[in-house]
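Welcome, and please load the model in your viewer. We will go from one selection to the next.

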Amino acid sequence: MPSGSLPPLPKRLGVLKALALDLFWTWSHTGDTVWRQLDADVWERTRNPWFVLQNLGAARLKALAKDTAFLADLDTLVEERRQYLERPSWFAGLSDDSPKPGGIAYFSMEFGLGEALPLYAGGLGILAGDYLKAASDLGLPVTGIGLLYQEGYFRQYIDGRGRQRETYPYNEPASLPIEPVLDADGNRLSLSLELPGRSLMLRVWRATVGRVSLYLLDSNHLMNSAADRGITAKLYGGGSEVRFLQELVLGVGGWRVIEALGLDIDICHLNEGHAAFVVLARARAAMEKQGLGFWEALWATRAGNIFTTHTPVSAGFDRFSPGKLPVPAHFIGDYLERYGVQPEQILALGRQSDDPDEPFNMSSLALRGSAHINAVSALHEKVSQQLFAPLYPRWPVHEVPVGHVTNGIHTPSWDSRAADRLWTDHCGRERWRDTGTDPSGAIAGLGDTCLWHFRAEQRAELIGHARGRLARQLAIRSVDTGDTDVGTVLDPNVLTVGFARRFATYKRPNLLLKDPERLVRLLTNPDRPMQLIVAGKAHPDDRDGQAMVSEWLAFVNRPDVRRHAVFLEDYDISLAQELVAGVDLWLNTPRPPMEACGTSGMKVLVNGGLNLSVPDGWWAEAGRADAGWVLGDGSAGSDEADAAALFDMLEQDVIPTFYDRDENGIPAGWTGRMRTSMAELAPAFSASRMVRDYYDRLYRPAVAMYAGRTADAASKARALNRWQEKLADHWGQIHFGDTDVVTNESGHHFRTRLFFGEIEQDAVAVQLYASPTDSLPPFVQAMQPAPDQPGDGLGYVYGLTAPLERPAEAYTVRVVPHHADTAIPAEIQLIRWQH
């Protein structure tokens, strides 16, 4: 049974129940048409078809069952979903010889799937939702694991004094498009976590996302204390102790869900460090199932763990002080102690040093518990290597084991109805799921007139939405707008610029307000005006962010600005969908390199919008002069200088490009950029590409490594643990003898003698290394042992010829662990340098 009751549905409408409980409708324009016809007002207010159905009266249902036009639309939606679910998927069609994952568990603190299920705060959750949708499109065997929050994240409203205020509406499970999970006896599934002095009971819910299931844990169980029922009350709310308990529920409770449902999981994908406790829960399960010790179990399971970091600053990592909070040992160490693992050993996994007072860092636990680590853009990879370097002492920063998979967006969730029609007409309905189809050529062939009319249609629709939202928020606040009629605010024929982000200092949302009078001149230019739509929330504890919200509110309320710029409150998925569909230009001005990736600008691509951004995050990879505008060179300049450069770019390039028209009234320079942006950038920054990258770069090697380590009663994991222990015990015995270098026209000829003590020669690799320079990449190459060496007291001689592109003194010899079945230095950080 679903979580909330429905009125009796006529037989002809019975299918509406299954349709409403499948969030497939969040990316179906046909679905929008169907739900709006049920009750347009409720649909526009809630975007929740389950709630719409719950509130339909018998007379309305009876009328719909006889409405031939509605039934035709309903049949179209049913057929669209049937074809989606039954069509052979990309994953099913893979024929490579490497092992395919039986199951992938994707853990995330938040999921942004739609306004009907508001379990997100910002970009991390939106990315997680888009990931699940793309995984469904491609047919990957993914299971999402998250939390069901009673109140979720805050909703923003503006008070009469122009200040942000927060409210936390209650998420009534009965009105959400989710179902309670049932056990084998048909009863609601409840799980128990042992906490000090009590058991925490957890309810489990299921959201259907096309082919994918998302399981949500909820502590609001009547058997819990009032405090424990509040663990899942607010997303990122309640202080450090509640955050700690939320992450325990996500990681340990999430693994319990997998066990209770009997899911076959090869890969655990941790979307940020919040879920790191699953590392310990999964290791414990392997201990009990295969009779392993903890460290053996960690070797076995770590191979199948993937950690994705989204954080560009160390302050963003969750840390918990052992002296102030119930530390992990109290929750997880108890059952690990039964297997000979001491609490301090568990705590050490979350520290960078041996200091017992160092806070427990969730990202450190995720790093040490995962063999595969990735950042979310190419630039963020380099930033992350710097952040995580302390965990890999003496390793060069560029060898810190962080790769990257650049984020992407689920394009069908963010395209407008007009964009969906355009892409379908020219590229086919399966364009984002059929990876054998390249939409670039068809879009590149679109004419200027077609593209310009397409852009004008969407801009006009956005202006209508913005006026409606503005009218509602002004009426609620009883704001005096003087003689300004909301119906005259904004102009559907004017260059429309959008800025909508979380209001935080590093994002610099007020950069344009560094020179407000210059901005006013741009907005009110009688011949070539620009208009602005701004939206965004500041964290409830971020006073600087809230001050920037107030600064924008004061600006847009100026009498000379009111018709040309608006601030739309309560930025959420629905408002974002309207903005990215209609703006001509998306503005993004973070202080580099503080943007890990950023996906908001990606969402305008499919809709023909252009980006103007600093080259940070994804735009450092995508930015190009023929598809948008790149502000600056990525170096950290002053805000005042960057603001001046932004105004110059708008005045001298962007605005003229928009208004310079040919004899047909078409701005060919603008539509040319649109064509390139849509054809080349939209496919490259889609979630379909992102998920396929995850599969090729991370999932395939992870499942092969995991299968190898867990086969034959995990014999390989046991052997790897013995190998590591011996290396750790005897690493200090490695020392270097003399090194000779002879340089001639063929290169630098290195010859060095090493002594390994009790370590076997084949357990290590001897390498010649040179650091990267401005003009040269790093040099790392294995030195070759001389033949027929007895070792013993004479040691081993290794040699290699290095190129002459560096002086001989730029090279040095080092020794690192070597094993074909390990990820080094992700899993073992030992290294020894000659000097």
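Start by selecting Ala765: its bridge partner in E29 is Val816. This is a predicted model, in which local features need pLDDT of at least 70, side-chain atom pairs count only at pLDDT 80 or more, and totals for chains, interfaces and linings use all residues. Residues are numbered from 1 along each chain as its sequence is written, and side-chain values use heavy atoms, without hydrogens and water.

Now show strands E25 (residues 764-770) and E29 (residues 812-817), which run antiparallel and are joined by six bridges. Strands here are DSSP runs of E, at least two residues, and helices are runs of H or I, at least four, numbered from the N terminus. Widen the view to the open sheet of four strands, in the order E26-E25-E29-E30. At its edges are E26 (779-782) and E30 (832-833), each pairing on one side only; to pair, two strands need at least two DSSP bridges between them.

Next, pick Arg282 in helix H10 (residues 277-290). Is Arg282 buried or exposed? Arg282 counts as buried because its relative accessibility is 2%; the cut-offs are under 20% for buried, over 50% for exposed and partly exposed in between, with a 1.4 Å probe and protein chains only. Leaving aside neighbours within four places in sequence, its contacts include Trp255, Asp266, Asn305 and Tyr706, where contact means heavy atoms within 4.5 Å.
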